[in-house]
Amino acid sequence: MRRYVPKDDVQKKAYYTDRYWVAPQVPKAKVSSDKVFAEDLKAIKAAFKVFDAYIQVEQMVIYIRPEDNFGVLELMKNKLDYTQLSEMSAVDFLADRGEFDIFYQMLSMKKRKRIRVKCAIKKEEAIESVEKLFRSADWSEREMYDMFGIKVNNHPFFKRILMPDDWEGHPLLKTYPLHGDEFAAWYEVDKIFGKEARDIIGPEIRDDAAVDRYDTKRFARLGHEVPYGADISKGEPAVKTEYQEDDGVFLIERFEKDSSTVITDRDR
Amino acid sequence: MAQHQVNYTQDGGLPVALTTIDKVVNWGRSNSLWALTYGLACCGIEMMASGASRYDFDRFGTIFRASPRQADVLIIAGTLTKKHAEFIKRLYDQMTEPRWVISMGSCANTGGMFNTYATVQGADRIVPVDLYLPGCAPRPETLQYGVMLLQKKIRSEKAIKAQKPKRLL
Ligand code: SF4
């Protein structure tokens, strides 16, 4: 395995340093430019605090307080016809702002509009489950916990969904190494054979390009197979095509074309 | 009563030789390699195609079985995730001796393109593998060739001698 380099500062570091380069931004429009959205926003603002709201790519994005998430979604579902929660998850901004952004992607089939509801929570904070409003949130919230470690209150069946139950760490965090940490690298060995087997089985080979032409224990050329562990540094033996009937397998005979009859007359 | 004389000592011995038993047993073993129905990912589709009528594995005597207790060969067809590793070990342990393992596709061989935290980097970290088939996914012809190579390997083994149980540990 390659040496693990901590990636805590991966978001702070600029990997592209052109002085004149400006990160492209999707243009934002005022909410008042769309009548339907303006009315929806008015209804939400009447009951809850909204930090920011704008329209981006024909979707309204609103920022709310994390403790209001259930109330806002309930209002949108029951009063504003946003009857579907098409997606929800979180984004890791821990290194940037010390927060996660949680987003709920709402769809109204009646109005043909989409709204993205966003809220930011700190690392150790929990969020209220919206599973009672939208059944689709059930697995999404479990996935959010699995991938980011964000706890969800009042969820009916709260546990990991993708990774094994005894997994350590949350893989979608930006600090999580792609090749896995120490726990992930030895997970299957530790679980099946026990920690003592680590020395026997050895570390994972993470180099994709590792090919050793003369290593006949782990590599073989198709059509040029040699016995396991044979020394081929002096060249391989020539391979000829063999058939199982050649060395006289019980009851099996070679098909001889000359001694067979070819039927050409179909009306025979 | 036999009307002719049988000379049991001619041609250097009795008409039954041990090699014949080896051959008969190995003939039976190699021509009825029942494989476990075990597709893990996209390679499983190629494995299914090999079993279906166009490529027709039945003519090698390779019939897919749904239980490890009836299977002789485990074809690991697809990506082996770390979550799944313990299950493959359990299935392998449930197979009766003699048993063989074919690792099909780059994922099962080395982890393939899934060079990530969630994929076992080579199924041979969990179970001992007899044959590795290259490809992503290997064509059904490759799998057929692999099964034929395995048959060849079985025929060259001693059938009677107690087989050394293949275990990683
Ligand atoms: S080797 Fe390729 S085809 Fe086979 S399981 Fe992996 S990704 Fe799929």
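Which residues come nearest to the ligand?

**Ligand shell**

In this predicted model, the residues that come nearest to the ligand are Cys42(B), Cys43(B), Cys107(B), Cys136(B) and Ala137(B), out of 13 residues around the ligand. Helix α4 (residues 105-110) of chain B contributes three residues, the largest share of the shell.

Sorted by class, the shell around the ligand comprises eight nonpolar and five polar residues, with no charged residues.

**Aromatic pairs**

Over all chains, the structure holds 10 aromatic pairs. One of these is formed by Tyr54(A) and Tyr63(A), a tilted pair with 6.3 Å centre to centre and 40° between the planes. Tyr54(A) has a relative accessible area of 10% and is therefore buried, the cut-off being under 20%.

A further pair consists of Trp167(A) and Tyr187(A); the ring centres are 5.0 Å apart and the planes stand at 55°, so this pair is tilted. The pair links distant parts of the chain, 20 residues apart: Trp167(A) lies in the loop between β8 (151-153) and α5 (182-185) of chain A, whereas Tyr187(A) belongs to helix α6 (residues 187-192) of chain A. Trp167(A) and Tyr187(A) are both buried.

**Aromatic cluster**

Trp167(A) and Tyr187(A) also belong to one aromatic cluster, together with Tyr176(A), Phe183(A) and Tyr117(B).

**Charges over rings**

In chain A, the charged end of Arg97(A) sits over the ring of Phe93(A), at 4.5 Å from the ring centre. In chain B, the ring of Tyr92(B) has the charged end of Arg99(B) over it, 4.1 Å from its centre.

How values were computed:
Residues numbered from 1 in each chain as written. Chains lettered and ligands numbered in written order. Predicted model: local features only at pLDDT ≥ 70, side-chain atom pairs only at ≥ 80, totals over all residues. Heavy atoms only, no water. Phe/Tyr/Trp six-rings, centres within 6.5 Å; stacked < 30°, edge-to-face > 60°. Buried < 20%, exposed > 50% of the residue type's maximum accessible area, 1.4 Å probe, protein only. Helix = DSSP H or I, 4+ residues; strand = E, 2+ residues; numbered from the N terminus. Lys NZ or Arg CZ within 6 Å of the ring centre and 35° of its normal. Near = heavy atom within 4 Å. Nonpolar A, V, L, I, M, F, W, Y, C, P; charged D, E, K, R; others polar.
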